[in-house]
Amino acid sequence: MTPASLTRLAVAGVAALGIAAFSVGTASAAPAAKPHKPATSVPVRLLTINDLHGNLEPPTGSGGRIVDETGQTVDAGGAAYLATHLKQLSDKNTLLVAAGDLIGASPLLSAAYHDEPTVALLDKLGLKTSAVGNHEFDEGITELRRIMNGGCHPVDGCSPAGRWKGTSFDFLGANVLEEGSGKYALPPFYIKKINGVKVGFIGLVTQTTPSIVTAAGIKGLQFTEEVAAANKVSKLLAKEGVKAQVVLVHEGDNITPGQSPDACPVVPGAGSRIAANLDPQIDLVISGHSHQAYICKIKDPAGQDRYYTQGSSFGRVITQIDFQVDRKTHDVIRSSVVADNHVVTRTVTPDPETAAYVQTWKDRVSTVANKPIGTITANIGRDASGVGESPLGDLIADAQLEATKTGGNAEIALMNPGGVRADLTYAQSGSEGDGVVTYGEAFTVQPFNNLMQVVTLTGAQLKALLEQQWTASGTKVLLPSASLTYTADLTKPIGSRVSDIKINGTAVTDAQQIRVAANNFLVGGGDGFTVFTQGTNLWSGPLDIDAFVAYLGAHSPIAPPAANRITFVK
């Protein structure tokens with residue numbers, strides 16, 4: 001029986017509060033110790049990644065660059081470079097683990113085949129386990145289980161590689177339950193025995209998943225508070241003698257930008273809350289979700305230092321964590337823990353086997369991916385922070401409005417910033433560039449295959465919706481079509497910042513009926529925009545990617561919009 005199948009057995013056992021069905025990985029060989037003087041501790045090295053999002057090719061634009069330890073901005077990422085760096089950092093004591101969003105919101109190269117190319121590569125690279133991320137639910141729990149267990153896609157069938165065999169690792173979700181039964185929907189933990197000691201991994205995903213994934217993706221699931229879920233499993237592990245414990249959590253904090261990946265410039269948020277409140281038995285917290293790089297220490301409830309780390313996104317950083325496990329207590333010696341974020345530079349020789357693997361899938365998808373669909377006159381960028389207006393977000397909103405006018409009678413369109421996944425770059429890396437946008441590039445920008453919808457909101461509801469962009473927990477600015485303008489006074493209290501709303505230059509009244517276009521994620525109340533659910537007269541239209549492709553084809557060459565539709569007062 002494989003380690004993965006053993007892990008799956010743990011779901012039923014732990015759901016019944018039993019512990020007999022632990023998943024224990026195959027023990028790796030350790031050097032023979034001298035009989036007369038055995039070592040008092042054993043070394044363990046973790047290499048961790050997070051938020052890969054199927055980026056097998058080197059990502060472009062801002063998503064393919066990062067500030068390194070010297071303060072320089074360098075190109076980073078790409079599976080072949082990631083493989084080289086992993087090999088250089090690995091020794092006989094190494095485990096590769098991850099903190100979620102390895103798949104979902106992926107470039108066409110991976111997404112066209114339901115991310116099987118990415119998961120298969122991670123298997124080849126030796127991934128042992130990963131927390132489940134919110135994007136692993138993009139196609140629902142049934143599809144995620146197919147990815148783990150095998151079988152061809154029920155609609156699209158088998159990929160060019162043949163029947164899908166599943167993975168040798170599992171996605172963990174200690175706070176993901178089946179509605180009604182309360183059973184774990186995914187394995188909550190994984191145990192690996194290395195050099196004679198057991199290390200337990202507890203997987204968590206952000207409890208906000210229902211608000212950031214489509215309703216269909218999380219149907220039948222319940223997402224519980226992270227700390228309580230982890231602490232419950234931690235106690236079970238400790239009771240069975242697994243004292244060295246690591247939490248892999250798909251939740252994290254934002255940072256002050258431009259810092260070294262080894263610094264700790266975090267703005268305390270959900271990630272810090274989890275890291276600080278987990279049971280003292282938990283020794284390390286490896287995070288994801290916020291796409292930032294940091295190495296932090298945080299006090300646990302017992303006052304001990306506990307490392308709290310994250311490794312950026314898109315395969316740009318590998319986090320290395322070394323520690324010793326005491327043979328007598330079976331626990332991590334906290335004073336021995338050392339953590340370091342390594343930038344996945346492109347100055348090394350790309351791993352030949354991985355490069356050939358990626359090229360195989362590029363060839364398979366090339367007919368679709370390389371098709372030119374339009375041209376741009378310059379780079380068109382997004383605001384990756386989501387707190388401001390961006391040229392690319394505005395462009396997408398314009399495309400969505402055009403696609404929903406006929407049939408949906410849309411007057412304005414709004415785009416969520418988190419749905420804009422990459423910049424449109426005029427020149428690809430290593431080329432002079434001609435401004436040609438391919439289908440593959442457009443898909444990388446909008447990879448979700450969301451449905452465009454239109455609902456009717458009153459003027460008062462539209463104002464209430466726009467006020468929801470600012471909350472006590474953060475900011476997410478919706479990107480407006482050119483037909484919508486307004487003022488946002490950030491000096492005023494949350495809930496009373498929006499004024500002077502106009503559609504095509506005409507002031508909006510409270511009682512006015514307005515047809516508002518957005519993707520089905522937003523219309524369903526995603527990202528906390530619950531006012532959308534008050535909309536009436538729902539109309540559904542094309543996929544968002546189809547709207548974007550059609551607009552690029554009809555209006556090329558396209559210059560970057562001015563991004564002046566929102567007047568910010570600060």
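Predicted model: local features only at pLDDT ≥ 70, side-chain atom pairs only at ≥ 80, totals over all residues.

Me: How is the packing of two helices described?

Reply: One gives the angle between the two axes and the distance separating those axes. Here, helix α4 (residues 116–125) packs with helix α9 (residues 352–369) at an angle of about 165 degrees, and their axes are 11 Å apart. The angle makes α4 roughly antiparallel to α9, since angles over 145 degrees are counted in that way. The crossing of α4 past α9 is right-handed.

Me: At roughly what angle do the axes of α2 and α9 cross?

Reply: The axes of helix α2 (residues 79–89) and α9 cross at roughly 160 degrees and come within 8 Å. The two helices are therefore roughly antiparallel to each other, and α2 passes α9 in a right-handed crossing. In this contact, Ala79, Ala80 and Ala83 of α2 meet Thr354, Ala355 and Val358 of α9. Its residues divide into five nonpolar, one polar and no charged.

Me: How many residues of α4 are buried?

Reply: Seven of the 10 residues of α4 are buried, so this helix is largely enclosed by the rest of the structure. The buried residues are Glu116, Pro117, Thr118, Val119, Ala120, Leu121 and Leu122. They pack against β2 (41–49), α2, α3 (108–111), β6 (127–131), α5 (141–149) and α9. Just after α4, Gly126 has a positive phi of about 95 degrees.

Me: Which residues of helix α12 are buried, and what covers them?

Reply: In α12 (residues 459–467), the buried residues are Gly459, Gln461, Leu462, Leu465, Leu466 and Glu467. Their cover includes β21 (412–415), β23 (451–458), β24 (470–471), β27 (484–489), β28 and β30 (513–519).

Me: Which residues touch the most other members of the largest nonpolar core?

Reply: The general idea is that nonpolar side chains tend to be buried together in soluble globular proteins. The largest nonpolar core of this model has 96 residues, of which Phe137, Leu392, Leu462, Leu465, Phe532 and Phe548 touch the most other members. Leu462 and Leu465 are also among the buried residues of α12. Leaving aside neighbours within four places in sequence, Leu392 is in contact with Ile380, Gly381, Arg382, Val420, Ala422, Asp423, Leu424, Val445 and Phe548.

Me: What should I look for in the backbone?

Reply: Most residues other than glycine have a negative phi, and most peptide bonds are trans. Departures from this pattern can then be picked out one by one. Asn504, although not a glycine, has a positive phi of about 50 degrees. Asn504 lies in the loop between β28 (498–503) and β29 (506–507) and is exposed, with a relative accessible area of 61%.

Me: Where is Ala563, and is it buried or partly exposed?

Reply: Ala563 is in the loop between α14 and β32, and at 23% relative accessibility it counts as partly exposed. Its phi is near 55 degrees, a positive value in a residue other than glycine.

Me: Which peptide bond is cis?

Reply: The bond from Ser556 to Pro557 is cis, with omega near 0 degrees. Pro557 is placed in the loop between α14 (544–555) and β32 (566–569).

Notes
Residues numbered from 1 in each chain as written. Heavy atoms only, no water. Axes fitted to C-alpha atoms, helices over the stretch in contact; angles between N-to-C directions. Helix = DSSP H or I, 4+ residues; strand = E, 2+ residues; numbered from the N terminus. Parallel < 35°, antiparallel > 145°, perpendicular 65-115°, else oblique. Left-handed = near helix turned anticlockwise from the far one by under 90°. Core = buried A, V, L, I, M, F, W, Y, C linked by side-chain atoms within 4.5 Å. Buried < 20%, exposed > 50% of the residue type's maximum accessible area, 1.4 Å probe, protein only. Contact = heavy atoms within 4.5 Å. Nonpolar A, V, L, I, M, F, W, Y, C, P; charged D, E, K, R; others polar.
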